[in-house]
Amino acid sequence: MITNGECTVIRTNDDGNYIAVGTYPCMWQDTKGYEVKKYGKNNADKAAIYIPDITAGVQEEDYIIRGTVSLENFLPENALVITSVSVKDYGGELKHIQIGAR
């Protein structure tokens with residue numbers, strides 16, 4: 001799988017502290033836009049992210065940020081929240097995890 005960068009996945013544990021899940025090579029595709037609602041516009045930025053490691057411990061509600069970020073430098077407002085995770089475990093070189101984030 002072709003990758004265009006790295007991404008860092010961070011999770012909030014039961015105590016409310018952040019833990020680093022890992023940094024993975026990925027194919028990151030951004031979509032930037034706004035949704036217009038009757039009470040104003042809403043940021044509708046989202047991303048489709050593909051990680052070629054099906055053993056990556058990624059879950060819904062984790063934070064994901066493009067690039068390598070340490071826990072000391074992590075700010076939740078700079079990250080996207082993972083909304084969907086789908087493991088595609090077919091084919092040799094085609095195995096990957098597909099992530100939707102907003």
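User: Which residue stands opposite Cys-7 in S6?
Analyst: The residue facing Cys-7 in S6 is Arg-66. Please note that this is a predicted model.

User: How many bridges join S1 to S6?
Analyst: There are four bridges between S1 and strand S6, which covers residues 63–66, and the two strands run antiparallel.

User: And how does S1 pair with S2?
Analyst: S1 and S2 are paired in the antiparallel sense, with eight bridges. Within that pairing, Thr-12 has Tyr-18 of S2 opposite it. The two strands make a hairpin in which five residues lie between them, and Gly-16 in the turn has a positive phi of about 85°.

User: Into what do the six strands close, and in which order?
Analyst: They close into a barrel, and the order is S1-S2-S5-S8-S7-S6, with antiparallel pairing. On average, neighbouring strands of this sheet are turned by 45° against each other, direction ignored.

User: How many bridges are there between S7 and S8?
Analyst: Six bridges pair S7 with S8 in the antiparallel sense. As one example from that part of the sheet, Ile-82 has Ala-101 in S8 as its bridge partner.

User: Back to Cys-7. Is this residue buried or exposed?
Analyst: Cys-7 is buried, because its relative accessible area is 0% and the cut-off for buried is under 20%. Cys-26 is also at 0% relative accessibility and counts as buried.

User: How many disulfides does the structure have?
Analyst: A search of the whole structure finds zero disulfides. For Cys-7, the nearest cysteine sulfur is that of Cys-26, 3.8 Å away, and Cys-7 is in no disulfide. Cys-26 is likewise in no disulfide.

User: What about the nonpolar core?
Analyst: The largest nonpolar core has 16 residues, and those with the most contacts inside it are Cys-7, Trp-28, Ile-49, Ile-51, Val-58, Ile-64 and Ile-99. At least two residues of this core come from each of strand S1 (5–12), strand S2 (18–31), strand S5 (46–51), strand S7 (80–88) and strand S8 (96–101). There is also a second, separate core of five residues, which includes Ile-10, Ile-65, Phe-74 and Ala-79. As general background, nonpolar side chains tend to be buried together in soluble globular proteins.

User: Which residues does Trp-28 touch?
Analyst: Apart from its neighbours within four places in sequence, Trp-28 is in contact with Asn-4, Cys-7, Ala-47, Ala-48, Ile-49, Ile-64, Ile-65, Arg-66 and Leu-80.

User: Let us change topic. Where does Thr-8 lie, and is it buried or exposed?
Analyst: Thr-8 is part of strand S1. With a relative accessible area of 2%, Thr-8 is buried.

User: What does its side chain reach?
Analyst: The side chains of Thr-8 and Thr-23 are joined by a polar contact of 3.3 Å. The Thr-8 side chain also reaches the backbone nitrogen of Val-69 at 3.2 Å.

User: Which other residues are in contact with Thr-8?
Analyst: Beyond its neighbours within four places in sequence, the contacts of Thr-8 include Gly-22, Tyr-63, Ile-64, Ile-65 and Thr-68. Thr-8 and Tyr-24 are 16 residues apart in sequence, and their C-alpha atoms are 6.5 Å apart in space.

User: One last item: where is Glu-61?
Analyst: Glu-61 sits in the loop between S5 and S6. Glu-61 has a positive phi of about 80° although it is not a glycine. With a relative accessible area of 61%, Glu-61 is exposed.

Technical notes: Residues are numbered from 1 along each chain as its sequence is written. This is a predicted model: local features need pLDDT of at least 70, side-chain atom pairs count only at pLDDT 80 or more; totals for chains, interfaces and linings use all residues. Side-chain values use heavy atoms; hydrogens and water are left out. A nonpolar core is a set of buried Ala, Val, Leu, Ile, Met, Phe, Trp, Tyr and Cys residues joined through side-chain atoms within 4.5 Å. Buried means under 20% relative accessible area, exposed over 50%, partly exposed in between (1.4 Å probe, protein chains only). Contact means heavy atoms within 4.5 Å. A polar contact is a pair of N or O atoms within 3.5 Å; within protein, one must be able to donate a hydrogen and the other to accept it, and residues adjacent in sequence count only if both atoms are side-chain atoms. Two strands pair if DSSP finds at least two bridges between them. Axes are lines fitted to C-alpha atoms, for helices over the stretch in contact, and angles run from 0 to 180 degrees between N-to-C directions. A disulfide is a pair of cysteine sulfur atoms within 2.5 Å.
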